[in-house]
Amino acid sequence: MKESNYIKLEFPSRSSNEAFARTAAAAFAAQLDPTLEELGDIKTAVSEAVTNAIVHAYPDSIGRIAMRLRIIKGSTLEISVRDWGKGIADVEQAMTPLFSTGGEERSGMGFTIMGSFMDKLRVRSSPGRGTTVVMQRFISPRQGLR
Amino acid sequence: MTINTAFNSGRLTLYLAGELDHHEARNTIRRIEELLDEYMPRDCVLDLAGLNFMDSSGIAVIIRVSRRMKTLGGRAWIENPAKQPQRVIDASGIDRLVPVAVGK
Ligand SMILES: Nc1ncnc2c1ncn2[C@@H]1O[C@H](COP(=O)(O)OP(=O)(O)OP(=O)(O)O)[C@@H](O)[C@H]1O
Ligand SMILES: [Mg+2]
């Protein structure tokens with residue numbers, strides 16, 4: 001049984017931090033010995049959650065984003081991305097495929113992609129106070145490949 | 001993000017390489033629109049073999065290019081997506097709007 005491990009990161013909502021956040025998540029996930037496909041899925045889900053905080057939570061300002069990663073149950077990666085921005089009035093509607101308040105530059109597929117790449121996706125939000133997205137992905141242990 | 005181009009009998013191929021996220025998307029769409037204005041192609045191929053990473057911001061870029069080609073009376077499609085972009089394309093279902101061709 002691996003000892004549990006975690007990291008916490010906090011950064012301003014600048015778009016240049018999107019690549020940093022997903023790369024940091026991949027580097028942390030590496031201790032679970034994921035496949036390239038699993039790593040790609042983790043980077044994509046993190047990119048979606050962090051981009052949402054940058055674009056939707058703080059549309060006209062620079063705010064604070066906190067990302068926490070931890071290993072639970074030995075081989076599951078839990079990712080949480082939190083902001084203190086605008087919040088979401090109707091979370092269920094926001095999570096519907098193609099729903100977007102973002103105009104032409106957005107496709108309304110972010111939550112759909114997070115949901116299909118992760119085993120669990122939970123969103124808590126309150127208007128004016130912020131949003132927390134918690135995702136879990138089980139990484140199957142590989143044998144004999146080391 | 002880098003974009004290399006090849007133009008051959010009305011077909012403009014755009015070779016996208018690097019990472020296409022929200023940070024890169026606005027410049028990318030602007031450069032592609034400049035290229036479409038310059039070449040006025042009949043077909044536009046988005047070759048994603050060199051694209052290491054793409055998220056939903058890339059999906060929006062692809063949809064924009066496809067719409068733009070339609071208004072110009074032409075077509076757009078995706079070729080040779082690398083593995084990670086392929087998974088994002090599958091999860092988003094845009095292959096119903098923009099065809100994906102693999103190999104040549
Ligand atoms: N952190 C957040 N703060 C406030 N609103 C959010 C947040 N995350 C998502 N939303 C809302 O939920 C909607 C759906 O999010 P989702 O990521 O699925 O699509 P999108 O961001 O609009 O488009 P895409 O992710 O495809 O670029 C957003 O348009 C926005 O209204
Ligand atoms: Mg989004």
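This is a predicted model: local features need pLDDT of at least 70, side-chain atom pairs count only at pLDDT 80 or more; totals for chains, interfaces and linings use all residues.

**Note on helix packing, the ligand site and backbone geometry**

1. In chain B, helix α1 (residues 22-39) and helix α2 (residues 56-71) have axes that come within 9 Å and cross at roughly 15°. Angles under 35 degrees count as roughly parallel, and α1(B) is therefore roughly parallel to α2(B). The crossing in which α1(B) passes α2(B) is right-handed.

2. A second pair lies within chain A. Here α2(A) and α4(A) pack at an angle of about 150°, and their axes are 9 Å apart. Since angles over 145 degrees count as roughly antiparallel, this angle makes α2(A) roughly antiparallel to α4(A). The handedness of the crossing between α2(A) and α4(A) is left-handed.

3. The third pair joins the two chains. The axes of α2(A) and of helix α3 (residues 83-92) of chain B come within 10 Å, with a crossing angle of roughly 60°. The helices α2(A) and α3(B) are therefore oblique to each other. Their crossing, that of α2(A) and α3(B), is right-handed.

4. Which residues are closest to ligand 1? The ligand is surrounded by 20 residues, and the closest are His56(A), Ser100(A), Thr101(A), Arg106(A) and Ser107(A). Because the residues that surround ligand 1 come from chains A and B, the site is shared between chains.

5. The side chain of Arg106(A) has an N or O atom 2.6 Å from an oxygen atom of the ligand. A polar backbone atom of Gly108(A) is 2.9 Å from an oxygen atom of ligand 1. For Phe111(A), a polar backbone atom is likewise 2.9 Å from an oxygen atom of the ligand.

6. Which elements give two or more residues to the shell around ligand 1? They are α2 (36-57) and α4 (110-117) of chain A. The helix that gives the most is α2(A), with five residues. The two helices named here, α2(A) and α4(A), are also the pair that packs at about 150° in point 2.

7. The composition of the shell may be stated by class. Around ligand 1 there are seven nonpolar residues, 10 polar residues and three charged residues. Arg106(A), whose side chain has an N or O atom 2.6 Å from a ligand oxygen, is among the closest residues.

8. Two backbone positions deserve a reader's attention in the model. Asp33(A) is a residue other than glycine, yet its phi is positive, near 55°. Asp33(A) is placed in the loop between α1 (17-29) and α2 of chain A; the latter helix, α2(A), is the one that gives five residues to the ligand shell.

9. The other position is in chain B. Met40(B), although not a glycine, has a positive phi of about 45°. Where does Met40(B) have its place? It is in the loop between α1 and β3 (43-54) of chain B. The helix α1(B) is also a member of the roughly parallel pair in point 1.

Notes
Residues are numbered from 1 along each chain as its sequence is written. Chains are lettered from A and ligands numbered from 1 in the order in which they are written. Side-chain values use heavy atoms; hydrogens and water are left out. A residue is near a molecule or strand if one of its heavy atoms lies within 4 Å of it. A polar contact is a pair of N or O atoms within 3.5 Å; within protein, one must be able to donate a hydrogen and the other to accept it, and residues adjacent in sequence count only if both atoms are side-chain atoms. Helices (H or I, at least four residues) and strands (E, at least two) are DSSP runs, numbered from the N terminus. Ala, Val, Leu, Ile, Met, Phe, Trp, Tyr, Cys and Pro count as nonpolar, Asp, Glu, Lys and Arg as charged, and the others, Gly among them, as polar. Axes are lines fitted to C-alpha atoms, for helices over the stretch in contact, and angles run from 0 to 180 degrees between N-to-C directions. Angles under 35 degrees count as roughly parallel, over 145 as roughly antiparallel, 65 to 115 as roughly perpendicular and the rest as oblique. A crossing is left-handed if the near helix is turned anticlockwise from the far one by less than a right angle, and right-handed if clockwise.
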